[in-house]
Amino acid sequence: MNAVSVRSVTKTFATRGGAVTALANIDLEIAAGEFVSLIGPSGCGKSTLLRLIADLDEPSSGELAVFGKTARQARLDQDYGIAFQQAGLLPWRTVRANIELPLELHGMGRAARRARADELIDLVGLGDFADRHPDQLSGGMQQRVAIARSLAESPRLLLMDEPFGALDEMTRERMQAELVRLAGETGAAVVFVTHSIPEAVFLSDRVVVMSPRPGRIREIVEVRLGGAERRTDALREDAAFFDRVSAVREALHGAPVAGVRGVETR
Amino acid sequence: MNAVSVRSVTKTFATRGGAVTALANIDLEIAAGEFVSLIGPSGCGKSTLLRLIADLDEPSSGELAVFGKTARQARLDQDYGIAFQQAGLLPWRTVRANIELPLELHGMGRAARRARADELIDLVGLGDFADRHPDQLSGGMQQRVAIARSLAESPRLLLMDEPFGALDEMTRERMQAELVRLAGETGAAVVFVTHSIPEAVFLSDRVVVMSPRPGRIREIVEVRLGGAERRTDALREDAAFFDRVSAVREALHGAPVAGVRGVETR
Amino acid sequence: GGGGDDSGGDSDLTPVSLQLQWVAQAQFAGYYAAAEQGFYEDEGLDVTILEAGTDTVPIDSLAAGDVDYAISWVPKVLGSIEGGAEVTDVAQIFERSATTQISFKDKNITSPADLAGKKVGSWGFGNEWELFAGMQQAGVDTAGGIELVQQAFDMNGFLAGDIDAAQAMTYNEYAQVLETVNPATGELYQPEDLNVIDWNEQGTAMLQDAIWADAARLADDEAYAATTVKFIKASIKGWLFARDNPEDAAQIVADAGSTLPAGHQLWMTNEVNKLIWPSTSGGIGMIDEAAWEQTVSIALETKNETGATIITQEPPANAHTNEYVEQALAELEEEGEDVTGDGFEPLTVTLKEGGE
Amino acid sequence: MTRVRTIVAPVLFGVAALAAWQLAVVALGIRPFVLPSPFAIGEQFARNAGVVTDAAGVTAGNALVGLVLGVAVAVVFAMLSATLRVVDQVSAPLVVAASVVPIVALAPVLYTMFGASVETARQLVAALAVFIPVYVNSLRGLRTVRPIHRDLMRAYAASGWQATRTVTLPGALPFFFTGVRIASSLAVISALIAEYFGGPVGGLGKSITSAVASSNYPLAWAFVLGAILTGLVFYCVTLALETVATRHRTSG
Amino acid sequence: MTRLRTLLYGAAGVVLLGVLWETYKALAPAEGVVIGGLTVLPRTSDIAMPHLWDIATRLTEPINGARFALNLWEAVLFAALFTLGVAGVGWLVGVVVGLAIATLMQRFRTAESALLPWVVLSQTVPLIALAPLVRRWGGQLELGAIEWQDWMSVAVIASYLAFFPVSIGALRGFSSPDAAHLDLMRSYGVGWWRTFLRLRVPASVPYLLPALRLAAANAVVGTVVAEVSIGLRGGVGRMIVEFAASASSDPAKQWAPILGAVLVGLVAAGAVALLGLALKPYRRAEVDA
Ligand SMILES: Nc1ncnc2c1ncn2[C@@H]1O[C@H](COP(=O)(O)OP(=O)(O)OP(=O)(O)O)[C@@H](O)[C@H]1O
Ligand SMILES: Nc1ncnc2c1ncn2[C@@H]1O[C@H](COP(=O)(O)OP(=O)(O)OP(=O)(O)O)[C@@H](O)[C@H]1O
Ligand SMILES: Cc1ncc(C[n+]2csc(CCO)c2C)c(N)n1
Ligand SMILES: [Mg+2]
Ligand SMILES: [Mg+2]
């Protein structure tokens, strides 16, 4: 059974200037355990698609299934974890209490909650900061807390909207490696929105390239550079990596880029 | 005469937790017309260095010259234009009035100001938006206005602090090409801060790789992939480009990345 | 701004300002009548009458040199004199006190002693000394033995029973009550519904509205001394007018900007006349030495709710004088005016609802 | 360095101002009913500390009752308005009117409505004055749930009450406290001014006017000083509460 | 459409208040709701709560029996205009002073540290205690040809209350530009003054407008209370005191100046709202202050 199944989904927003079609006729199947990135220019509907899957918004037409249920049911069943571009931590809660939030809301006992939170805090390398408040953390650290929070209930599906946007290159690369490892270990499917082509390529099994106005899927680029164990820093300098980067770039620009293709002709 | 000449510059900040050394013993010469990028992990002092050159801050020790004068004199003489990560437009001014701001402050007549602003508006492709206010523009458009503003007085030196951070990949690539063209045409030297390795490599003659705590220059990677005419989209898929990207990555990580080097062994 | 300067900008006239102790009302009818009838002008004075607000202390305006004369009650001024103000009572216009303590019959408060344990209303602002003297004389513990309530500008607290015994001027608040419909009967409240404690009868009355002048200027400034006589003379002529033409006087005050209803205004004029006429002190404005002494001795001995007395030592000799009023009266008598009003007969004013 | 600036500078300024005042009064021979010297005021304050404290106690008591009442009603009402839009819409013009109306003008009718021999009217004047800033700010706080937090709660399938408890209320706290801080000194001033229009004797307002009426200006100023200190205590206590309650609100 | 709805709901609110008033008056006992000796809900006698129609009728009747007596509503309207005028002067003075203090505090950080606590403290001074003194201080002033008038004392007290929100709001507004904007101005090599005019002043508008509205409300409060205190003739404050003499016998009358005070407050706030419309271009990044 697929983790996510999007069928002929269209989403229009009523705005003052008339209706805006954010997504037009989207079809997408994401298998369980699969890592799929969404990439495309600003306003092409990446966030909208993610929000539809998360049942934070409803499609105007078409159908959406998450693990074979309606998106709403999946949300109520807490089948997914979600992380946004902004960390969105509650400033009045400590790091630990922020990570505990979903567990608390879903009635997990105090001790169990704490144990799980500590586990996650270690995972994102914030052991020394468990009792700090978000305002005492750097942007990157806050983002890591948000990611830990999205993982708290070991969801089978992770939805991430540009979660690494605020991080610097090095931290970003480390978090990417960490995410790949985690997804591999937990077998979770991931839908990952990003603006960065190398990031999408490094992380994903498939990269969904979208085009705007109205948002459509232009191309789905197969990446599959191997399991988590292959996704090391070395991969980032691998020719196969560069090749896939180029492929996504071309898909993004809509046509093979004019001029000679680098790798082959050199 | 060099555009920028930084000699043994150190900058420490007094903070509540004690003194923070943001920059330690920096030496850097930037030739007239040269395009130099600063890259490095968050907090390594890129912005600080840029601000010292712009005389928005003063070095704790060492010397700084801009076109052979003191930084202060260069600022008063308006020898540079500057653009920040956020567009920093004045929300109550139209696009045109924002671009006219430096001209107005320096006493240029109304008609001349307007002519120059219109020229720049065309240059950044915002002809239809001259009379709009910033809140009616997308982030990318705002950034283009800020860049136009920084060019208003045809400075011989452009200082840019992550100006494309807020842009999506495609707009970003277009703006990069545009900037290279502009810098080439006006013969301006550019000091460009970025977090993106491909961006640094695409734009620069040299990439200055910095390391944090205290901020030092770790390595200066020569790029020089050719003049503006070579800097097309095709370059981004060129093996030479990937090679320089890898070089910068390695410099950034401090040592050759463990494991096999991609290109050669594949 | 004043309400009575209708005498134009004639440069021959001496400009004089008079500070009242409240807004325009018939309590000050004599001054408004003198201005309106041209009596001040006849004496070569251009008088500006200044009204007061809740916080105005007329004597301080006088002492500060803001005005030339002020109207105030003697006990209030005695305190200011001890505080450093150098002023002189040059004409004691009101001979009798108008302050009473009224209560509904069913409260059974017929003497000051009955006030013990009651909710007693008072305006404060120095209007409370006769009340305290009366209670003290009757042996009521004024610190803990009563519940003192700051009386508002209206009589609603009294009518609603929040205040058992309220302070009431015969010319004002007493009438306010009698102008109000008694919800129990549907008719106006009647004098028979009320017990009235009159401080004149209790022997704790203190001198009220007097004309005060700047003591230092009286001593050094001959022109001011001369003006003082003229001012007193014209003012008294105004009061004579108010005595003889109460309806016109009430109308003059209303035209001067008082928004009190006409019936109430006439009542006030009439009651104020009763405080002046007939004069037993030798003519309107003459300070009766015995009354002065009584006022001073009460001021020395009476403690208010905080235990303070008005004054701690005898006032200086220049706190009052009949010198100027005597001159004024002499001139008036020469002109054939009746300054004692021996045959004075008050009107009988019938109050209507709302004072109309 | 900053501490020096934030503490020493205002103290120096205050001392300099007081010194200049004292000097002016002495040098120009200004009489006490024009302006008493700070020294005279201090002397009267010290001499009458007991009376001033008693008076301040009465006024502070009224202000406190008004503050608590006003805050309580404002918060309940703000929550109602935040959940039921119609409540907000219907009450909007009244709230606007109340926020620009001189509340103290109502004091005389409030005495008539609630009794002239009890403190109720004064407490109500204070409560009315307090209500407006607290209501307006709390409502704004309850309305400004950050979209990302709202999404988060939905993603967690949190119940309405859970969302209110974990996100809406804590998020509204800084706004609420801003309102309370404004309201605190307002409560004191309003309770004090209400005393001018009647009621039981004993508070600061009545004491000030009494002292003025007998030309005892240094004593009047001593009561004014008492009023200033009372207002300051209210302000500082609410400020301290606010600081403690909103320590970690700068980001997230 | 939505504007009409807002209007309708608002009107409904006002009507509702009236209905509530009359219903309560009809149902509750005359002595109000008393719990344990404490009146928790108001008395309903005609003196405490006159019928709304009595208040309305009273407005159309002459103020008193004087020869040229105006109708009550006319008198109140004139008084309201007078109060509005004095409050307007006080507001203006307060705004100027508040802006000046804010400018000073923005220019010199030491001035900010030294003044700000005192500015806050100033508002705990009971202004009414100052009223007779302000009048006296004014009287002591020698202003050449101009004689100090009582209305000026009232305006001074109004401005004392009005300057506070302006100085606080303006200071926040002047400090509101992003660091990037300030850096930009520095990079243009312009000094403090031009940065102030070109950047800080326009940036302060969204903060200033709510402050100006608060200042207007404060100025009205100050004017009304000072009118009572000083006894200044002509305004609604004085009218409130004067009409108290008829509060028992003619209870509807005293509500007229209260309505007048409401009117003054609303007009003052409306005027500031108009100002806000005029400054629309500067409110693009509107904040709630
Ligand atoms: N709530 C909304 N109301 C109206 N229009 C909306 C709404 N949300 C999104 N849109 C519009 O839908 C389109 C897609 O928006 P979306 O946020 O999904 O883009 P995106 O791909 O996530 O862009 P970005 O990369 O900038 O985050 C845009 O044109 C946007 O203006
Ligand atoms: N005004 C300041 N006061 C104190 N410390 C400062 C100040 N400005 C910068 N720093 C410190 O100096 C160091 C360098 O900061 P800088 O902003 O130059 O880094 P950066 O390389 O631009 O980082 P980023 O990529 O996040 O923009 C950091 O440790 C920072 O905390
Ligand atoms: C609260 C208060 N009430 C009344 C007066 C003025 N006043 C003093 S005596 C008196 C009776 C007749 O004039 C009046 C009205 C005041 N100053 N303060
Ligand atoms: Mg998005
Ligand atoms: Mg930086």
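Let's start at ligand 2. Its surroundings are Phe13(B), Thr15(B), Ala22(B), Ser42(B), Gly43(B), Cys44(B), Gly45(B), Lys46(B), Ser47(B), Thr48(B), Glu162(B) and His195(B). Keep in mind that this is a predicted model.

Which side chains of chain B put an N or O atom 2.6 Å and 2.4 Å from an oxygen of ligand 2? Ser47(B) is at 2.6 Å. Thr48(B) is at 2.4 Å. The backbone takes part too: a polar backbone atom of Gly45(B) is 3.0 Å from an oxygen atom of ligand 2. On its own, ligand 2 has 630 Å² of accessible area, and the protein covers 62% of that.

Now the elements behind that shell. Two of them supply at least two residues each: strand E1 (4–15) and helix H1 (46–53) of chain B. Which one gives the most? That is H1(B), with 3 residues.

Next, ligand 1, in chain A. Around ligand 1 we find Phe13(A), Thr15(A), Ala22(A), Ser42(A), Gly43(A), Cys44(A), Gly45(A), Lys46(A), Ser47(A), Thr48(A), Glu162(A) and His195(A). Lys46(A) has an N or O atom 2.8 Å from an oxygen atom of ligand 1. For Ser47(A), the figure is 2.6 Å, again from a side-chain N or O atom to a ligand 1 oxygen. For Thr48(A), a polar side-chain atom is 2.4 Å from an oxygen atom of ligand 1. Cover by the protein comes to 62% of the 630 Å² of accessible area that ligand 1 has on its own. Two or more residues of the ligand 1 shell come from each of strand E1 (4–15) and helix H1 (46–53) of chain A. H1(A) gives the most, with 3 residues.

While we are in chain A, one backbone point. Look at Asp55(A). Its phi is near 60 degrees, a positive value in a residue other than glycine. Where does Asp55(A) sit? In the loop between H1 and strand E4 (61–66) of chain A. H1(A) is the helix that gives the most residues to the shell around ligand 1.

On to chain C and ligand 3. The residues around ligand 3 are Trp22(C), Gln25(C), Gln27(C), Trp123(C), Phe125(C), Asn127(C), Gln150(C), Gln151(C), Phe153(C), Met169(C), Tyr171(C) and Glu173(C). Gln25(C) has a side-chain N or O atom 3.1 Å from an oxygen atom of ligand 3. Gln27(C) has a polar side-chain atom 2.9 Å from an oxygen atom of ligand 3. How much of the accessible area of ligand 3 does the protein cover? It covers 95% of the 430 Å² that ligand 3 has on its own. And the site itself? Ligand 3 sits in the largest cavity.

Chain C also has a cis peptide bond. The bond joins Trp277(C) and Pro278(C), with omega about -10 degrees. Pro278(C) is in the loop between helix H12 (262–276) and helix H13 (289–301) of chain C.

Last, chain D. How many helices and strands does chain D have? There are 10 helices and 1 strand. Along the sequence, the order is α-α-α-α-α-α-α-α-β-α-α. The C-alpha atoms fill a box of roughly 75 × 55 × 30 Å along the principal axes.

Confidence in chain D next. Mean pLDDT is 87, and 97% of the residues of chain D reach 70 or more. Among its elements, helix H3 (residues 49–83) has the highest mean pLDDT, at 94. Strand E1 (residues 199–200) of chain D has the lowest, at 84.

Now the record for chain D. An unreviewed UniProt entry lists "domain: ABC transmembrane type-1" at residues 52–238 of chain D. In the model, that stretch is 83% helix and 1% strand, with its end C-alpha atoms 23 Å apart.

UniProt, again from an unreviewed entry, also places "transmembrane region" at residues 7–30, 63–82, 94–114, 120–136, 175–199 and 219–241 of chain D. Let's take two of those spans. Residues 63–82 of chain D are 100% helix and 0% strand, and the end C-alpha atoms are 27 Å apart. Residues 219–241 of chain D are also 100% helix and 0% strand, and there the end C-alpha atoms lie 33 Å apart.

Definitions and conventions:
Residues are numbered from 1 along each chain as its sequence is written. Chains are lettered from A and ligands numbered from 1 in the order in which they are written. This is a predicted model: local features need pLDDT of at least 70, side-chain atom pairs count only at pLDDT 80 or more; totals for chains, interfaces and linings use all residues. Side-chain values use heavy atoms; hydrogens and water are left out. pLDDT is the predictor's confidence in each residue, from 0 to 100. Helices (H or I, at least four residues) and strands (E, at least two) are DSSP runs, numbered from the N terminus. UniProt positions are given in the numbering used here, feature names are shortened, and annotations may be inferred rather than shown by experiment. A residue is near a molecule or strand if one of its heavy atoms lies within 4 Å of it. A polar contact is a pair of N or O atoms within 3.5 Å; within protein, one must be able to donate a hydrogen and the other to accept it, and residues adjacent in sequence count only if both atoms are side-chain atoms. Accessible areas come from the Shrake-Rupley method with a 1.4 Å probe; for residues, only the protein chains shown count as cover. On a 1 Å grid over the protein atoms alone, a cavity is a set of points where a 1.4 Å probe fits but cannot get out, and a pocket is an open set with protein on both sides within 12 Å along at least five of seven lines; lining residues have an atom within 4 Å of a point. A molecule sits in a cavity or pocket if more than half of its atoms lie within 2 Å of its grid points.
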